[in-house]
Amino acid sequence: MAITKTTKSPQTAVLKHLLKRCSSLGRNKTHYDQPGLPFDVPKGHFVVYVGQHRTRHIVPIKFLDHPPFQILLQQAAEEFGFDHDRGLTIPCDEQVFLALTSSLLTQL
């Protein structure tokens, strides 16, 4: 019986594209002056907007590996889609998001 790789979902490709646009993923010093790249986002992080007031948060890309964060991304996809210019909007109470991210930071 041969083992085959599963194909990635279209959502994965869209998420990678979004992360490339709104993060420092793959960015080097020569590209810091490109229009549209956030200068304050450290390498290996991306921007999300959370809560009623759309508070901006910078989170590590490693969060994408954790199931609780993946659930938030799925909720974001269902409510807002992934077509964002500056960052991902997550439909979550900000206090809940902060508690989740604090918990995930202890696991990194």
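Colleague: In which strand is Thr 89 found?

Modeller: Thr 89 belongs to strand E3; strands (E, at least two residues) and helices (H or I, at least four) are DSSP runs numbered from the N terminus. This is a predicted model, in which local features need pLDDT of at least 70 and side-chain atom pairs count only at pLDDT 80 or more, while totals for chains, interfaces and linings use all residues. Residues are numbered from 1 along each chain as its sequence is written, and side-chain values use heavy atoms, with hydrogens and water left out.

Colleague: Why is Thr 89 called buried?

Modeller: The relative accessible area of Thr 89 is 10%. Buried means under 20%, exposed over 50% and partly exposed in between, with a 1.4 Å probe and protein chains only. Thr 89 is therefore buried.

Colleague: What makes E2 and E3 the edge strands?

Modeller: The open sheet of three strands has the order E2-E1-E3, with mixed pairing. E2 (55–60) and E3 each pair on one side only.

Colleague: Which strands does H2 touch?

Modeller: H2 packs on the sheet and touches E1, E2 and E3, and its direction makes about 100 degrees with that of E3. Contact means heavy atoms within 4.5 Å. Angles run from 0 to 180 degrees between N-to-C directions, with axes fitted to C-alpha atoms, for helices over the stretch in contact. H3 lies across E1, E2 and E3, running at about 15 degrees to E2.

Colleague: What makes a set of residues a nonpolar core?

Modeller: The members must be buried Ala, Val, Leu, Ile, Met, Phe, Trp, Tyr or Cys residues joined through side-chain atoms within 4.5 Å. The largest such core has 17 residues, and those with the most contacts inside it include Phe 46, Val 48 and Ile 90. H2 gives the most to this core, with four residues.

Terms used: Pairing = 2+ DSSP bridges.
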